[in-house]
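Biologist: I'd like to learn how to read charged side chains in a model like this one. Can you walk me through it?

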Amino acid sequence: MNSTHGGKAAGIARKGRERGRTLSGFIEKPAIVFLIAVFTFFLASSLSPADIHWPADGTPVCTADDGQFDSRITSDGSGVAIITWADERGSDSDIYAQRLDSFGATQWADSGVEICTAFYDQRYPQIASDESGGAIITWEDERAADDDIYDIYAQRVDSSGAAEWAADGEILCTASDDQHNPRITSDGANGAIIAWKDYRGGFFDAYAQHINNPSPTVTGAVPDTGTNDGEIDVTITGSSFMKGAEALLFRFGMPAPPPIYAYNVEVQSSTEIACTFDLSGAEVGSWSLAVENPDAQSHEKPGCFEILEQYVGPEPPVEPAKSTTWYLAEGYTCGEFDTWVLVQNPGEEDATVTLDFQLPLGATADPYVFDLPTDTRRSVPLDTLPGLSDTDISTKVSAKKPVVAERTVYFEYDGKSGGHDSVGYTL
C-alpha cells in the first residue's frame with residue numbers, strides 16, 4: 001500500500017523533471033549561500049542556553065542498592081514532580097515512587113515509597129497526575145507466577161505518598177496469557193485511562209480500562225460537638241478524601257435549616273480533613289456531616305455532629321451601687337423595736353461618714369460621725385444614740401467618698417419576733 005505522503009512527494013518531483021528544471025534552477029547558487037548564512041545568523045542570535053535550576057549532572061531521586069530503571073515522571077502543575085521506577089533492591093523487581101519539590105528536594109521517604117512489592121517481578125511503570133497533588137501509577141505484574149505471565153495493576157498515591165487503593169495495587173486485567181506495556185493518561189476528572197497490549201486471543205490486541213478514586217467515606221469528627229455561638233475547628237476522619245474536597249453539616253426538617261459549609265478546608269491526607277465551621281445561630285440538635293470530592297463523589301455520616309445551645313454562665317457579680325448621699329426613710333425604736341444603719345466602704349480610699357436624723361414634730365438629734373476605712377463595714381444601733389430611743393427616725397447618710405447604705409429593723413411584737421431590711425435611696 002502506498003503512503004499518501006509518499007505519493008504526494010513523488011508527484012512533485014515528477015512534475016519538476018517534466019518541466020526540465022529543479023529547485024536550483026529557480027534560485028542562483030550565490031543566493032542560496034546568502035539565505036543559509038542569514039538563517040544561521042538568525043538561529044545563533046535568537047537561541048539561548050537552557051536554564052538549569054538544579055545541581056549540575058542532576059539531583060538524586062533514588063540511590064538504593066542494585067538497579068533502578070524504567071523511570072517515568074509526571075507533574076502536578078505546581079512545579080512539583082512525581083517519579084516512578086522499577087527497583088531491584090529486593091529479590092525481584094518492584095515499583096517505587098518519589099516526589100520532588102520545585103528545588104529538587106525529595107518529599108517522601110528516603111529512596112522512595114513502595115508502590116508495589118508483591119511476589120515476582122513488577123516492571124515498566126507508567127504514571128499520570130491525579131490532579132489532586134498525587135498520581136496514578138500502572139505497571140505489568142508477574143505475581144501470578146504462571147510461566148512468566150504478566151497482568152496489569154494500578155495504584156493511586158496522595159500528595160504525602162500514601163497509597164489510596166488496595167495494598168500492592170488494584171487489578172485492571174488478569175485475563176489469560178500476557179498483558180504488557182501499559183500506557184496511561186489522565187481522564188481530567190481525577191482518574192485515568194490505561195491501555196495495554198493483550199495476548200488473550202492468541203495474538204496481541206489493544207485493551208483499555210478506566211479507573212477512578214472510590215467514593216469518600218466519612219467515619220467521624222473531632223470534636224463532634226459545638227455550641228451555636230461561634231466558630232469551631234474540626235478534623236474529619238475517613239478515607240479516599242481528595243485535594244479540593246468540600247465539607248458541610250446539614251440536617252433534615254420542615255423546613256430544613258440551611259447547610260453549614262466548612263471553610264479553611266485542608267485535605268491533610270486521604271484519611272483526614274482539617275476545616276472550620278461557623279455555628280453561630282445554628283439550630284440545636286444532631287447534624288449530618290458530608291464530604292464531597294472534586295469528582296462529585298460524596299459520602300455522609302448521619303447525625304454524627306451535635307450542635308448545643310450557647311452556654312450561659314452565671315451572671316457576673318454586680319458591684320454594689322455607691323454614692324456619697326443616701327436616704328433611709330423608715331426607722332422605729334419604740335418598745336421592742338431596734339433599728340440599725342449599716343454602711344459599707346467598698347472603695348479604695350478611707351471615708352468619713354455622717355448620719356443626720358429627722359424626727360417627728362420637729363424634734364432633733366445630734367449628727368453621728370465616724371471614720372470608715374477602705375474595704376470595711378459598720379453597723380450603727382440607732383437606739384443607743386442620744387435622743388433616738390422610743391421614736392420614729394429617718395436617716396440621711398453622707399460621706400466624702402462613695403459608700404453603700406441600708407437599714408435593718410428587728411422586733412419582738414405580740415409574741416412574734418422578726419425583722420426586715422431596706423436598701424437606701426440615692427439621688
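Biologist: Let's start with a pair. Which side chain does the side chain of D130 join in a polar contact of 2.9 Å?

Modeller: That would be R156: a polar contact of 2.9 Å joins the two side chains. Keep in mind that this is a predicted model.

Biologist: How confident is the prediction, then? What is the mean pLDDT of the protein?

Modeller: The mean pLDDT is 85, and 86% of the residues reach 70 or more.

Biologist: Okay, back to the pair. How should I read it in terms of charge?

Modeller: Side chains of opposite charge can pair when their charged atoms come close. Here, R156 forms a salt bridge with D130, with the closest N and O atoms 2.9 Å apart. The two partners come from distant parts of the chain, 26 residues apart: R156 is in strand β7 (residues 151–157), while D130 is in the loop between β5 and β6.

Biologist: Is D130 buried or exposed?

Modeller: Buried, because the relative accessibility of D130 is 2% and the cut-off for buried is under 20%. R156 is buried too, with a relative accessible area of 0%.

Biologist: What else does the side chain of D130 reach?

Modeller: The backbone nitrogen of G134, at 2.9 Å. For orientation, the D130 loop runs between β5 (122–129) and β6 (135–141). If you leave out residues up to four places away in sequence, D130 touches A135, I136, R156, V157, E164 and N190.

Biologist: E164 is in that list. Which side chain does E164 meet in a salt bridge?

Modeller: R156, at 3.6 Å from N to O. E164 counts as buried as well, at 13% relative accessibility.

Biologist: How many salt bridges does the structure hold?

Modeller: Nine. One of them is between the side chains of D198 and R200, at 2.8 Å from N to O.

Biologist: Now for nonpolar side chains. Which residues form a nonpolar patch on the surface?

Modeller: Y199, F203 and F204, and together they have about 310 Å² of accessible area. Take F204: you'll find it in the loop between β10 (192–198) and β11 (205–211). F204 counts as partly exposed, since its relative accessibility is 42%.

Biologist: Let's zoom out. How many helices and strands are there?

Modeller: Three helices and 27 strands. Buried residues make up 37% of the 427 residues in the protein.

Biologist: And how do I read the contacts along the sequence?

Modeller: Ask how far apart the partners sit in the chain. Of the contacts in the protein with a separation of 6 or more, 56% come from residues 24 or more positions apart.

Note on methods:
Residues numbered from 1 in each chain as written. Predicted model: local features only at pLDDT ≥ 70, side-chain atom pairs only at ≥ 80, totals over all residues. Heavy atoms only, no water. Helix = DSSP H or I, 4+ residues; strand = E, 2+ residues; numbered from the N terminus. Polar contact = N/O pair within 3.5 Å; in protein donor to acceptor, adjacent residues only side chain to side chain. Contact = heavy atoms within 4.5 Å. Patch = residues over 30% accessible without salt bridge, like charges linked within 9 Å, V, L, I, M, F, W, Y side chains within 5 Å. Areas by Shrake-Rupley, 256 points an atom, 1.4 Å probe, with all protein chains shown as cover. Salt bridge = Lys/Arg side-chain N within 4 Å of Asp/Glu carboxyl O. Buried < 20%, exposed > 50% of the residue type's maximum accessible area, 1.4 Å probe, protein only. pLDDT = per-residue confidence, 0-100.
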